[in-house]
Structure formats: C-alpha cells, structure tokens
Amino acid sequence: MIRFVVRRLLQMCVVVVVLSMLVFGWLRSLPGGPVSAMLGERQTPERRAALEAALGLDQPLPVQYAKFMERAVHGNFGVSTKVLPGEDALDVFLSRLPATIELSFLAMLLAIALGIPLGYIAARRQGSYVDTGAVIFSLVGVAVPVFFTAFLLKYSFAVEWNLLPVSGRQSTGVDATRVTGMFVLDGILTREWDASWDALKHLILPSVALATIPFAVIFRITRASVLDVLDEDYVRTAEAKGLTSRVIRGRHVLRNAMLPVTTTIGLQVGGLLAGAVLTESVFSFRGVGDALATAFREKDYPVLQVLILAAAVIYVLVNLLVDIAYAVIDPRIRTR
Amino acid sequence: MDQTDEPTRRTSYGQRRKDRIDALAAASIDEEPGISLIRSAWKRLRRNPIFLVGLAITVAFVVLAAIAPWIAPWDVTASPLLDKVRPQTNPVPGPEPGHLLGGDDRGRDLFSRLLVGSRQTLVVGVFATLFGLLGGLTLGTIAGALGGWVDSLVMRIVDVLLSVPSLLLAFTVASLAREPSQWTLIIAIAIVQVPIFARLLRGAMLAQRSSDHVLAARSLGVRPWAIVFRHMLPNAMGPVIVQATLSLAVAIIDAAALSFLGLGNPDQRQPEWGQMLGLAQRYISEAPHLAFYPAGCIIVVALGFTLMGESLREALDPKSRR
Amino acid sequence: MSESADILVEVRGLEVHFPIKSGIVFDRTVGHVLAVDGVDLSIRRGETYGLVGESGCGKSTLGKAILNLEPPTAGSIVFDGVDIASLKGEELRRERKRFQMVFQDPLSSLDPRQTVESLLVEGLRAHGMDTDKAKTRARLRELMSAVGLPVAALSKYPHEFSGGQRQRVGIARALSVGPDLIVADEPVSALDVSIQAQVINLLQDLQDELGLTYLVVAHDLAVVRHISDRIGVMYLGGLVEESDGAELYDVPLHPYTRALMSAVPVPDPQVEDTREQILLTGDLPSPANPPTGCRFHTRCPWRQETLCDTERPQLRVVEVEGASASHRVACHWAEQIAAGEIQQHEVAPTLVDQGGSGFGVPDVTEPPHQMQAGDAF
Amino acid sequence: MTQQTHRPSQFGGGSAEPLLSVRDLRVTFQRHGEEAFHAVDGVSFDVRPGQTVGLVGESGCGKSVTSLAIMGLLPDRGNHVEGTAVFDGEDLLTLSRSAMRDRRGSDIAMIFQDPLSSLNPVVTIGRQVTEVMERHQGLSRKEATPKAADLLERVGIPDPKARLANYPHQLSGGMRQRALIAMALACNPRLLIADEPTTALDVTIQAQILALLKELVVDTGTALVMITHDLGVVAGLCDEVNVLYGGKVVERGGRHGLFKNPRHPYTVGLLNSIPRLDAVRGEKLSPVPGSVADNLPWTSACAFAPRCSNAIAPCTQETPQWDGDEVVGFRCFNPMGGPR
Amino acid sequence: ADSQRDDGDGDGGGGSDDGTFIFGAAGAPEMFDPFYATDGETFRVTRQMFEGLVGIKPGTAEVVPELATEWTPNDDGTEWTFTLRDDVTFHDGEAFNAEAVCYNFDRMFDQNEAGQTAGEYWGYVMGAFSNDAENSLYQGCEAAGEFEAVISISGPTSGFPTMLSLESLSMQSPKALEEGDANGIAAEGEGFSFPAYADAPVGTGPFTFGEYDEANGTITLARNDDYWGDAAQTSELVFRVIPDESTRRQELEAGSINGYDLPNPVDWAGLESDGNSVEVRDPFNILYLGLNPEANPALKDLNVRKALYHALNRDQLVSTQLPEGAAVATQFMPDTVSGYNTTIEPYAYDPDEAKRLLAEAGAEDLELTFAYPTEVSRPYMPDPEKIYEALRTDLEAVGITVNVKTASWNGGYLDNVTAGKYDAYILGWTGDYDSPFNFIGTFFGNLKENDFGTEAYPWGKTLADDLRAADAVVDDAERGAAFETLNQQIMDEYLPGLPISHSPPALVVGPGVDGVVPSPLTAEEFDTVTVGGE
Ligand SMILES: Nc1ncnc2c1ncn2[C@@H]1O[C@H](COP(=O)(O)OP(=O)(O)OP(=O)(O)O)[C@@H](O)[C@H]1O
Ligand SMILES: Nc1ncnc2c1ncn2[C@@H]1O[C@H](COP(=O)(O)OP(=O)(O)OP(=O)(O)O)[C@@H](O)[C@H]1O
Ligand SMILES: [Mg+2]
Ligand SMILES: [Mg+2]
C-alpha cells in the first residue's frame, strides 16, 4: 500500500513538472497577453515594448521558464497581475481555495445525496416511468448551459420568491470573523450562527448549479452499477437466504455497487473544478473558479499557472485518495 | 434389455444415429443467408422504445439539417425585422405573421436561423467525432496492436490528456488558435475525444488480443496485420461505435459551450445553436426565449443521440441480453 | 518410442514461465508462474495423445506452447524434424499450416463478425492455397461435409449455430489448411453431454479418414480415456504419469492418477455404491510457488518422510506387474505403492492452502458407515 | 412399480408424506414483444424428508428455473408461474413475499453453481454466515459468530475461526462451495436445493463436495433436491431421478431402476453418449443427434421427436402423456426396452 | 419581468444612521493607490476617497476648482500657480498644503523603473519621469506659500491643467505615502508587487477607506466626518464585485444592491418599469471603424474610404443597435469637447454613391479583412458583435467581400489592431478629460505608431505636426479654432478612419436612491447619494 502511494506520488511529481512546462509554453503562445490587458485602448507598440521589458516578457521562453522555475523553487510563483495585483499567485490560490472547497463540497454532497438514491431507485425499476424520467432528467441537466440554469435558479429563488440571495458569499453588513475562509465553518467555529446561516444560504444556489453534472454522472453510474450488481449471483444468494430487503439493499447491493461509484466521484472532482469556473463567475462567488475565469480573461499568467497546476495536483491527490478508499472498501484489493 | 451390453446392436444404433445427426444438422440450418450480429442487434433494438425515440430525434435532426436551407422561410442573413428592433423598447422583435418565433436582435427570422443552425451543429458534431474517432483509432490501434512500451507511452499520454477536465481541455485547445473558426472548434473537441476513443479501443483491442478467436487466427498462420485489421479491430469497434454515438451528443454540447464562450465560428452569417445561445445571453432578462430555443434544440438533439447510444450500448452488451 | 521415424512431435524440457510484475516506478519481475515446468513427451504419428489434470495445472499452456502460440521459456519442440520453439515471424507462420488448434469455447474462438466461409477461406489465403476460386469452393464443400455441416452453413455467422455445430466449424477451420497435428484444448467440455459425444465421434472419424495426430487436452478423465491412445497426467506444471490409455486405467501408478480416477463419478449406481474412493485433501497449490520436491507431496496420501519433499521425481519406467515399457511415472515410491508396501495415511491440511479434513462418504444402498479420507475400501 | 426408493422410511416414518410436492409447475417467460416461452412446462415431483431427488437434463431444459420458481427467486417481471409447490402444507407459489422470505434460508435453503460469484466479494465469510442466523433465529451477531465457526468446521473448512474474517476471494473454489453449503445449513433447513453445486469444480474437489453432501443428508435428514447435468453425480447420490427435457419431466425412477432399465429414448441417449471410465475402449459413443434447438413445441408433439431414434408417427402429432405415478414413470409413445 | 420584491427587506437599509449605499461593480479594484491604477473599477473606488487639485463639475466634463481654488499660468503657459484650500486635512489628520502638493508631484515624478511602467497615466500625460526629465511635461513643483503651489511644465498644452483632474494624479497623504513606502513598487515575474500603501490609501475625499474583504469581494468605505465640504449623505459606501451582468441586474431586483454601472441597454426599459432609475450619461466617447492602408493598399485611395463611409447606414445602426441617446458621429470626438466642429455634415448613407466611388477607384472587387473583438463591452460599444454585424451587412450590400475576423479583447484583438493585422476593425475611445488632443491627438498625433497607419499617407506627417502645433496654442479660443479646422480637414481630406457613433453609457440605481449625478466621464461621486427613505 505504501509502495503504491509512493509510486503514485512520484508519478504525480513527473506529471506536475511536465504539465508546468506545457502550461508555461501554452500560456505564452496565446495571442494577446497581460500587457494588452494592462494597456487597453492606450496600447501602442512603444508602450507595449516598455511594459514587456519591465516584466521580462521579452526574453526567450526557456529563459523565462528557467527564471520561473528558479523562483518557484523558492516558493515564489510570481505575483498576480490582475486577479489580486501584487499578491503572490500561490497566496491568491490559497486565499480563494476555501470558498471553492466549501462550494464543491456542498455540490458533491448534493450530487451524491441525490444521485445515489435516485440511481438505485431507477435501477430497481428499470424501464419504468420513474427510470426513464430520471434518465432524461439527468441528461437534460448535463445539456443545459450553466448560465441558463443559474439564471433560472436565481430568478425564481432569489428574485421572485426572495428566499435566497442572488450571488456572493455573504450579505453586506454581516460582520463575521474569518478563521478558515470557509464562511459556514467559520460561523460554526466562532459561534456566529447567523453568519454561518447566511453563508450557507449563499451557497445553496451555486452548489445546486454546480451539482448538475456530477449528479448526472453519479446517477448514471449508480444506476448502471446497481443494475449489474442486481444481476449478480450473490444477490440471488442473499435472496435465497431470506434476508430482509434492507440488508440485501445495504450490505449486498449497495456496498458492491458503490465501488465504481467511488471512482466516479473522484473523477468528478476534476469536472467540479472546471464547472466551478462558470458557476463561480455567474454567482460572483469568489473562489478558485472565479479567479481562473478572471485570470484567463485578463491574462494573469502567474495566477493561471498556479491554478492549473494546483488543479492537476488536487485532481491527482483526490484520485489517489479515491484509490486508497477503494482499496479500503474493496477487500479484493486490500487483502492482496 | 437395453442395447448397452450388445456391441453389435449398438454399432448399428450408433450408425443410424450418425446418419440422423448429419440430416439433422443440415435440417436445422435453414437456407437463408446468415444474420450478422448487427442485424440481430437491430432486431432487438427495433422493439426498444427508448432507441426508437432516440432514432426518431436523430433522423429528424439529420433530415432537417440536410434540407434546412430549402425549407427555411427566410434568408438567414437578411434582417427583415430590423426596422422593428429598438435596443431599449424592443430589442428582440416578437412573433408575428410570417415570423413564427419572431426575430433576433438583428431582426433576422429566428425560426429560420434555428432551422439552418442545425447544419453547423451537425457538421461540428459529426466532424469533431469523426476526427476524434480517427485520432483515437490510430492511437488505440497502435497501442493495442503493438503493446509493450509503445502501449505504455501512448497510454501515459492518454492519461495526461484524460486528467484534464474535458471542457477545459477543449477550451485550451480552442484558445490556442489565433483566429477562431468552425474548424478550430472541431479540432478542439476532436482532441478531447481522442484519448477517450484511444483508451476504449486499446482496452477492447487488448481483450481481443488475448481472445480465443485471435489466437485461432494466429494459429492458422494469418499474417499479423491481417489479424489486427480483420479480427481485432472490427470486433473492438463495438464499444467504440457506441461511444461515438454518445460522443456526438457530447460534441454538440461542447461545441455549443465553446461557441457560447466566443470560441466558435465568429461569422454570424451562418447560424449555429451554441453561438445563438451565447448571443442570447444578453437578453436573458428581457427575452429569455432567445436562449430557450437554441438551448432546447441542443438538449433535444443531445438527448436523441444519447438515448440512441445508450440503447445501442445495452443492445450490444451481452450482459444485458437477459 | 521405439522408432524415431514414428514420432511426429518431440518435446524436451519444455518450460513456460509467466513473469509476475510489480514495482514502484518501473515494473520489475518479482516472480514467475511456473505454468509448465519441465515437460518431456513425444507424440507418435497418427496417435491421439491425451493430457489430463486439474484446472490450472498447465494443460492449455502446454498445448499452446507446443504450437508456439505461447513462446516457451525453455526447451525444444521438434515437429517432424523442425524445432518450432526456435522459429520466429514469417518462418513460423508458414510452418503453422502443419499444426492446428481446436478450442474449448466454440463461440469465443470464432470471430463473431465473419461468416463460416470467410473463416475457412482465411486460413487457405494465409498459406496461398486459395488460388483458384472453383478449387476453393470445392475445398469448402469438402470441409463442410467432413465435419457434417450442410453447405448452406457457409454463409452463416457463428452465433447462429448451436454449440455442437460451432465446434464443428472450429474443427473445420483447423482442418482447412490440412494439418498433421491438431491440438484440441478441451474440445468438448463446454458442450452438453449429448453433444459431447457427437463431437468426440467426429474427431475420431476424422482421425481415421485423414490420419491426423491429436493432442487432446481435457480435465475429464473419461473423455480422455475414450479417445486417447496414450495419456499423460499433469500436475502443477509437470507430467506425473504417462501410459497407454487402457493400461493407465488398469494399473494407475501415481497416487495422483489414482485419486483422479476414483473421483470421476460413473453413471452406474452399482459401481458408485461399491467403488473405492480416494479423497484428496485441499486444492492445487499455486503454480507461482509450487511445493518443493514432488509437487504432489502436500496432498499425497502415500507421502513418505524421505525424498518426497526434497527431490523432484523424474518420469521413469517402473517394474510393476501389468505396466508396460511405455508406462512412465514420476513417483519415488511407485513400486512400493503398487506392491502395497506403503499404506495410505491421512493427510493433514497443509500450509500451502486450506486443506480439508476427512469426511465420511456414506454408501447410499447400505447403512452408511464412516470412512476416513484416504481409506481404501 | 417395483422400484423401491431405498430410504424413504428412515425419516418421517412409513410412506412418508412428501415434504415438498410440486404439481404441474409451469413457468412462462414473456418478454416485451417476444413470443411467450415455456421454460418449465408442467413439472411435478415429490420430495420426502431425508430423500435425495435428482433433476437431470441438458442445459436449458428448465432445471434452474424450476428451482428458482420454487424458491420464489425468479425475476420480478417478465415471467408467469403456474401450478403449486406445496411445502409442509403451504403452497409456496402463493405465499406472500414476506412469508416466503421467512421460509427461505430457514426451512428451504439453496446452493448455487458458481461458488465465487455466489458469494458477496466485499463481505466476510463470517458475516455472510451469521446474517442468516441473525435473520431467522433472532441471534445477535455476537451469538451467531461461534455458531458460524462451528458450521464452517462442520463443512470441513480448516481453521474455521480464522476463516470467518476472510473474504471469498481468499478461499479456494472448494472452500467457497463449502462456505456456501455452511450458509445453507445455518438454520437447519428441511429442504436443500442444490443447483449444479459441483459443475464449476474440479473432479477431485467435486468428489469432496459430493461426499460432504452425502454425509449431511444422512446426518441431518435434510431432503435434498440435486440439480445436475451429470448422470454420474446422480448415480452416486440420488434416491430418485427426474430426467427433464424441454421443460417437462420425461422420465422418473429410482436410481437403480432408471440406470438399469431406462425407458425414455432420451434417457437412453444420455446414458449412451457419456464416455465411461469402465467402458470397453475403442467403442464408439452413441450420441443423441441434433441439439435442443431442434425441439418441437410440447403442445402438439413430443419435443424430443426430431432427435429420437425411436420416433413413431404419433410422436409428431400428439403430446405424450405421463405414464406412471409419483415414483416411476415416463412420457413416451414408444419407450425403449420391454414392458415393465 | 416584474419583481415581487419586498422593498423593506433589502439589506441596503441596514447599518448606522444614514444608511449604506451598495454599488455593484463589474470587477475588483486592482489596488487603492490611484497613481498606479489604470482601470475604471479601481478609479471608481478611489474617486470617492481622493481629490485632485482640479475637479470636474458633476454631470459635465467641465473643469472646476477642487483642492485648488484657483490657478493662473504665466504668459507662456509654463508656470502655473495653484492657490490651495486652507481647510483641508487628510484622513489621517495630516494637513493639506503646498508642501503636500509638491510632495505628491515629486513622488509621482520620481518613480523607479517598475513605477514608470506602472504609473501609466503619468507617463501618458506627462511623457516621462525624473530620469528623463527633459522629455517630461512636468518640470517641478514649488511651495510658494503655505497654500500656494507653483508647478512648472515644459510647454503649454490643451491638457494642462485639466489633466490634474485625472484620478491618478490625486492628492494623497505625504505621511501615509512615506510610511507605506508608496513608491516601493517592484516588477516581480510578470507582474508588479505593490507596497503596503496600496492597501491603505489616505486621501482627502468624502469617504475614508474601510476594508477590502477579498474573500467576499466587498470594499467598504466610511463617511469622512471631517470632510471639508458637505459630508457624504450615507454613512457607508459598499462596492460589491459582481462580474456577471445579469447577476447585477438580479441583485438589484432582489434589493441587495442599490445600483450598478453599465446596465445592458436592452434592460433599460425593464429596469425603469421595475421602479429603478436608469441614469443616462452624456456620451463622451467615439466609436470608429479603423482602416489600415498598410494592410490593404486599396484603402490608400481616399475615394475608397469615402465609398466605405457612404455605404454605412449609421442612422439605422444607431437607432436599432445603440441605446437611446446615442448619436451618429460626424468627427472623431463628441460634441462636448472643445474644438468640436459643429459645421461638419455627416456623410450620407448612399450605397449608390459608394458603388460609384468604388468603381471610380477601380475597387469594385474590394475585399476587406474586417475584425471585431469578443468578450468585451465598452461604453462606446455595448455590444461589438451587433455593431459589427450591422456594419458588415452594409459593406456587403455595396459589393465588398468581407473576411470576418475576431479575437478576444485581451486575447489578441488589441495586439492585432496595433500590429496592423486587420484591414478594418472597430474600436473607440472614452475621453479622460475635456481636451481635443485627448481624442484626435491620441489617434493621429503620433506618426510612427498609430492604429490608422497614417504614416502610409502623404499627409500623415502634416496631420501629426498640425495636431501638436494646435495643442501648443496657449489661448483657449485660438486653440479651439485650430482644432475645429483640423477636424474639418480630417473628415474631408484625410478620412483615416470612419467615425461611427457616440453612445451614452448609463448607470442604474434602485428605488429610493437619489442624488446620483451621471457623469459623461463615468466619474460619479457618491457623496451626494441618499438611500432609502421609503
Ligand atoms: N498469460 C498468462 N499469464 C500469467 N499466468 C498465466 C497465463 N496463462 C496461464 N497462466 C497461469 O498458468 C497456470 C496454468 O494455466 P493453464 O491455462 O495452462 O491451465 P489449464 O490446466 O489449462 O487449466 P484449465 O483447466 O482451467 O483450463 C495457471 O495458474 C494460470 O493462472
Ligand atoms: N429470466 C429469463 N428470461 C427468459 N428466459 C429465461 C430466463 N431464465 C431462463 N430462461 C430460459 O429458460 C430456459 C431454462 O433455463 P434454465 O436456466 O432453467 O436451464 P438449466 O436447465 O438450468 O440449464 P443449465 O444447465 O445451463 O443451467 C432456458 O431456455 C433459458 O434460456
Ligand atoms: Mg485450459
Ligand atoms: Mg441452470
């Protein structure tokens, strides 16, 4: 097991280094760039050149990369040019991370809490209207653009019914103490229940919007996996033992059906990061995704670099965790 | 009293039977030519309502796309309703006789644009999937057929590509292009599909490689390339074809997302649903129907392909033939 | 083995080891599955050589290795004067028309996307025997009638046949290139009882007609005995006994052979009620980590304190009454066991894996009485 | 009528009442848009306490469906079950779901063919054994655990306490089948249905399992329904043998009678097509020609007629009726062998 | 869509006495030192805290006294004496006086290398920094008395002292600048790292800096109770960063913000009918179709350029694609700028004339690579795509083949325009202050480097020289006349590009919000705003 983890971590390091080169090269081959973002209509070749020289962007790519690596080794990933100008890019990422963790966590929770039971029910009633309806619902969820979902959600829940806030992370005027940067958690830690509740209300709509895709995927995998498991001989054995349907469902069907679902959940973390880009922008939710969107629009290279690499690392780590979890829940791997 | 202990009788009994076997073997194979797996899958599919719905949607979509320019009531580049457009009071002209769904913000007939929009959507979906398929097939075949370090190398590349969320990857590729066009869009989506197809095909090829019928062909002395192309590839294609159907749906959705983000064809003369959706964004508060129609079209078409793909998958999956 | 001219295939010291890989960054080989581990055998022209043994003992691997479908790790396979084990690429491919294989699962061994005709023509084409359309056509008809299928079947796909018919197609394919040797890997074990017999008969008829040589691999001792001239019994990668078919049944010398024989149920209550049974304890040890010495010693009811766990017995001819000169056995104590000098004893479950303690086997016609495993009646 | 089932009186006394009495069991599969298919077509047989009844036949003849129908384990949809299966005075086929659940595993237990796939791979052997006892005997897990160890010991699993914590993949095939048997026996069922319990196993392991089953039947008096396609297994184990063909019982007899004096051409064919270790070498086998695919519908003919060497005119025009009783009989217009 | 909002429930009314004004901003400020800032979102915030020597009269582009009560130039316009207010203190209690003014100017002048690049507006209006003093417009500052500061410049220009109203040139507390190491900017990697001062700005304005809650995207300013003028009407001013346009609208409808900038013209009517007020600013910008003769030599022919101009149906464009209040442009500047020539007639929409001119020039088969930017909305073009579509259709109607090109604003569009990659493109300009040179000088004043490629024309150099000469005229009236002539010339004889329109950007405030004075420079000050009171 330890060998496996070490192996994966080593592989991750290789991936990160290769990826850093790719990302570095990629960003610098993009048309436009931070200079045009800074200068706007006032851009002239002269001013452009001056700014590029000041920022070291006129040097050959390998030199730039070498400098970047040198600084990176010293824990300095360059300063943000636009997202939070002057701030170290890694700090920008770290300061935005709690918001995204909070959001993705709730989104994943929703996706799981809805996807798995619904997947199970759909599988149990394969071919029924419930099943077909759920399948179509999940497909529609995937196909509807986030901005549209978000618009409808905000329109109905926030504007029309005034139940939830439209956007942001906390209402203006709520005076909350910051501890972890995850507002809901902070409120709980400092016993500022109102602040916590307020932050939670802000989380609901964006996490629903963000949850649509993972929900659809988890739902479909659960459904397929439960269908497979229901066909297995051991379920028939369990039936033949006269076990109650609760035990059969929990111990025999779901426990096995959850194995592929676990992997899927890990894979969805990557998708969640991608989804957060749109969702966070649309909900003015100041997280990593919002930073990524801003950084891309404004060509904030240092921040982009850190965010993409961080996303890759998170993705690999989460999948490593999933693999470990898989090994823990699947004795066929654990006891090998 | 049985014949068991009487060899003579037994032989004649056996002989009688042998004759009958041949007669029977002949009798039970009717004269009509054989039905391939595809045909027998089709027989099952024909009765599957989900498949039929998917097929109906898909066929309707393809036919519409083919004949759209001829049946569209208005020229999609003309702006017959432009006079009615007022940015504040009437940004999007409503329905009126002759304009079923009204116009868009340029006074162009919305219905006609929706109809004709199916073409580019289809082109992007089909070509992106086709290119992705070609790329994936090449990589997958190389990896699956050669195995060894080639396989490892190809699969590592595929892993890296797969570890980037697909839309992000497509976005990256598309943004690399200096000038967005329909083709950068197609390439971007195709590249995202490549690793999926490659991995799928390679898995299936490996399974085929160790399968008995490939072993049989090897033992017959069939040339290696013939084994790859006659036995392994065709049999490994099943899941790939299913995936291609599903990919069409994904390609259409991705294409819509990318052109929605402004990475699609910048030329508005030819309408495209994703682009229409992107343009509609500005009117989301005042004229949500502008977003609703193209979004609806994308959803329905994606649904059509997905339903078809899913039921195809089920039909071809031996496990589901209960 | 009297006349070497008679011998079609001569296998010497054949080993097939599958590497077990694992590692932190790069895979290293950490061990081997000794699927076939030192087998010598020879098959005479025109005879049927049967290979029996439990699942996982390496029968299929041996069969495939003989055809060089599984490259041997060591050893030589001389087929009609040519060492196949050393052939490669095109040379090997051309040589393939002389030896063919019939597989266990008739469905999975036929390409589901090809009609019978294209399946059959493929072999012909691979060896340049498909020059003349009419001749090919005639050849196909010939093949079909040889395996008892109507010509109409040529245009069918494998999934449209019944199991027995598919196996006929598989046999026709093997025959298509006119081989001398056919290795049949469990040709009937996937078939229904009634169909099994059809295929067995067909194989026999074809041998009579075409003078084929067979290597038949099976786990069913009765089937092997029925069709084989000579039988080799395999255990954990090695041959433990080899003899003429009838003699093996009459004078089994190896304890494993005895146990195997006694385990086969006979569809005759009379026999079932009276025959002696040697119940082996436990299962086959892992071929990745086989026991030292005699591979069978962990389960052997005749195991002795000496030799068995230290020295691997070689196949040898023994002086036992009823055993001919072609009867070889790999047991240190074969003579003593045959002579009754060594008695069976209980075998304790071993470390290798889960053993089974003894159980009474009730006789169904008489009041049941307890019997210890290994007790001979 | 002379064949004696050789041990009917050992348990239950006298001409014991049948423990399970299956009458005219009919299972029809009806899939959407497809023709209805009678997998089991009027099967009747009795099982008495302590008796071992065999169901033999080729693949697809309806053996498994029969057992699953009795157990109420057929899929929820797409099938239709008729007839009765009276167990201990109750018709199992009309029992409510929950009542059937109470029977399964306690009164009636079942063992399946493939021991690996029949065991839940992610639950320990111990748990899979104890859960039956928890369910039916109201034991707590703690109370059940030592009993489970005893059970494993009884079915011949060495070091049973350690094995309780093992997962199925850690056991060999034979051990897994023993574990499955332990689960079936956990609540001392009165009827045990074994559906090809040894087909997936090697001969040497098969011999071990068969020996175990024999011993259990004798020790506990459990009635056993043995489903197999192997006539050899039947010959060594069963008191009464039912030969199934195309969903119907075509012949029944005590094992001595049936093997010695088979009447139905199909039974004869089966016996003749098996290579036997004790047969004279070089003899040709006499297979049953054709395959199940050649069957005629039972409705207006004998399904076996096209493959039958003894077929006469009525065989293809009428359905042969059962000729015999609950103990012996056959279904044939032109049976082999002399009149009994 | 009618909002069923419960008006009393908004978060806006909370806080202390006079309420809070919450404004939805489209982006986050970069930092709070206006000197280094370049973007509107930053200036919007700093504007509330800082003041310059001169100010802008609310609702106009007119220059009025602010921290200086009056100013007088010497005869050749190179020395300007500013009389300062004597009742002003910085938020940190420091006194505002001539020394502070000179400290500020010297601080701005004396930038390190990074600061010179970052201090963009200074560079833009003053030309150079202390290391290159001779090329700088600014030459020095002297405290002639406690409240009298003398600023010397290298020569007269239309921009001075108007340019002192630029947000970047605001007065900041010398003590705070000193303590916060305000000039300690450094280039690090690809960006600038800013000194501590940038997070703790100290000015003289009606609001003082509260806090920037980065995690929640809110900037809070508090009322400056010691303000020298009328104290701000609300006790708190909050900016909430809401990048998405439709979200801003929904937030306003939900009552959680009190206003936002640049509402989509499409929404104006709907917003109004929901009880909000859309405050339309006077246009102070110009949208033009740029032409590049270097990329397409056919464009060197004046007739071709005129033909293109005649082909455009700008009236229709303005009425169907631009918000109410937009106007067809007759020259390269809006009418509020001095030097605007009222006599210029717009080029008529006349496709036939266009075809005739093209034929005459032998350019019937003209092919144009015509580009527009994506992912951007500017005050002069709320929706580039739509404007482009209209222009393209018109051009095609006279037989021109258009190759559609696009790139995102920061993703190559601006670069490509600057690099001359497009034959034609749409672009525009929003004035920084009321000066003709700020418009046409920017466009054509630099011969070597301008987007119109005027160097390729024979008259290019003349135009540049004339522009600079006109700018150097000291007398306002004379200077105005010179620019009027130039405007006429540009439109009649040169036509380097095609001015299209002026658009009025708007801003919207919710019900109960009063006192917003829309500024043509989009430079609203919120101290006069009152909230609530329903
Ligand atoms: N390609 C392979 N890689 C690794 N191990 C293998 C491979 N093929 C076979 N083995 C192992 O070699 C041993 C012998 O396998 P083989 O298939 O020859 O057995 P067998 O006697 O034919 O068994 P069966 O009756 O189940 O077919 C087994 O333990 C098997 O797991
Ligand atoms: N769920 C089902 N739906 C439709 N047909 C079924 C179903 N289950 C079984 N059958 C059919 O019923 C027939 C009898 O099946 P059954 O499983 O009882 O055969 P069997 O005698 O047990 O064969 P085997 O020896 O292969 O186990 C077969 O033709 C089978 O295809
Ligand atoms: Mg094998
Ligand atoms: Mg079965």
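Buried means under 20% relative accessible area, exposed over 50%, and partly exposed in between, with a 1.4 Å probe and protein chains only. With that in hand, E:F452 is buried at a relative accessible area of 1%. This is a predicted model, where local features need pLDDT of at least 70 and side-chain atom pairs count only at pLDDT 80 or more, while totals for chains, interfaces and linings use all residues. Residues are numbered from 1 along each chain as its sequence is written, chains are lettered from A and ligands numbered from 1 in the order in which they are written, and side-chain values use heavy atoms, leaving out hydrogens and water.

**Aromatic pairs**

- Over all chains, a search of the whole structure finds 60 aromatic pairs (Phe, Tyr and Trp rings, the six-membered one for Trp, with centres within 6.5 Å; planes under 30 degrees apart are stacked, over 60 edge-to-face, the rest tilted).
- The pair E:F105 and E:Y138 is stacked because the ring centres are 5.6 Å apart and the planes stand at 15 degrees.
- E:F105 belongs to helix α2 (residues 98-109) of chain E and E:Y138 to strand β6 (residues 138-145) of chain E, so this pair ties together parts 33 residues apart in sequence (helices, H or I of at least four residues, and strands, E of at least two, are DSSP runs numbered from the N terminus).
- E:F105 is buried at 1% relative accessible area, and E:Y138 is buried at 0%.
- E:Y288 and E:F452 make a tilted pair, 4.9 Å centre to centre with 40 degrees between the planes.
- E:Y288 lies in strand β15 (residues 285-291) of chain E and E:F452 in the loop between α13 (436-444) and α14 (460-471) of chain E, so the pair ties together parts 164 residues apart in sequence.
- Ring pairs also link a cluster whose members include E:Y288, E:F332, E:W429 and E:F452.

**Charge over a ring**

- In chain A, the charged end of A:R169 sits over the ring of A:F183, 3.7 Å from its centre (NZ of Lys or CZ of Arg within 6 Å of the ring centre and within 35 degrees of the ring normal).

**Cysteines**

- One disulfide is present over all chains (two cysteine sulfur atoms within 2.5 Å).
- This disulfide joins E:C102 to E:C141, S to S 1.9 Å, and is left-handed because the torsion about the S-S bond is about -70 degrees.
- E:C102 sits in helix α2 of chain E and E:C141 in strand β6 of chain E, 39 residues apart, and both cysteines are buried.
- C:C294 is in no disulfide, its nearest cysteine sulfur being that of C:C308, 6.0 Å away.
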